[in-house]
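Please consult the sequence and the model shown here.

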Amino acid sequence: MTDLEDGRPHKPADDKEEVYFEGSPLLRGDLGRLFIFAIIAAVIVAIPILDKKYKWFPLPLWVWPVAIVLAAVALLIPVLIIRSILYRITNYRIDLERGLLSKNIDTLELWHVEDIHFHQSILDRIVSTGDITILSHDDTTPRLELNGVPNPRPLFENLKQRVIAVKRQRGVIKMDTGA
């Protein structure tokens, strides 16, 4: 009896789920945001310093500690944004978990994937990070962007091969309508 004759929609899985990557994007993969927040922190600290030198307007003494705390918070914001994202990429699915206090998890099954795009700028190549964009037929996650992935090229190659294998396993065929 074949799989299609016994009523199952596809062949059973012939291998176990294997995790390719699990973790947050790397902070060095988002150097632009880090740089912007570092400039904001520098401006926050520079205002009391320049005011003391040029006497623009009188600032009370409590401005110094407040400026230092605000600058530290500005430097923590990119770290918190990055740490609020978690990727779990396996040979069957991709889970994207977002949020610090509340959590949202989106799951994309690999057999839904239509196309995968890899991008790595010169700066990304220097710091060994990159971005993988996945386009799919999934209603809730038609476009999934994995930014700041460490060592992205092997992961991209694995995903390409697994998408083909999972589609074959499920009997998914791509049809060109010629339109």
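In what follows, Ala, Val, Leu, Ile, Met, Phe, Trp, Tyr, Cys and Pro count as nonpolar, Asp, Glu, Lys and Arg as charged, and the others, Gly among them, as polar. The model is predicted: local features need pLDDT of at least 70, side-chain atom pairs count only at pLDDT 80 or more, and totals for chains, interfaces and linings use all residues. Residues are numbered from 1 along each chain as its sequence is written, and side-chain values use heavy atoms, with hydrogens and water left out.

**Terms**
- On a 1 Å grid over the protein atoms alone, a pocket is an open set of points where a 1.4 Å probe fits, with protein on both sides within 12 Å along at least five of seven lines; lining residues have an atom within 4 Å of a point.
- Grid points are joined across faces, edges and corners, and a volume is the space filled by probe spheres set on the points.
- Helices (H or I, at least four residues) and strands (E, at least two) are DSSP runs, numbered from the N terminus.

**Largest pocket**
- The largest pocket holds about 360 Å³ of space.
- Among its 15 lining residues, Val-113, Glu-114, Val-163, Lys-167 and Lys-174 are the closest to the centre.
- Helix 4 supplies the largest share of this lining, five residues.
- The lining comprises seven nonpolar, two polar and six charged residues.

**Second largest pocket**
- About 210 Å³ of space lies in the second largest pocket.
- Its lining has 14 residues, with Pro-25, Ile-82, Ile-85, Tyr-87 and Asn-147 nearest its centre.
- Strand 7 gives the most to this lining, three residues.
- By class, the lining has seven nonpolar, three polar and four charged residues.
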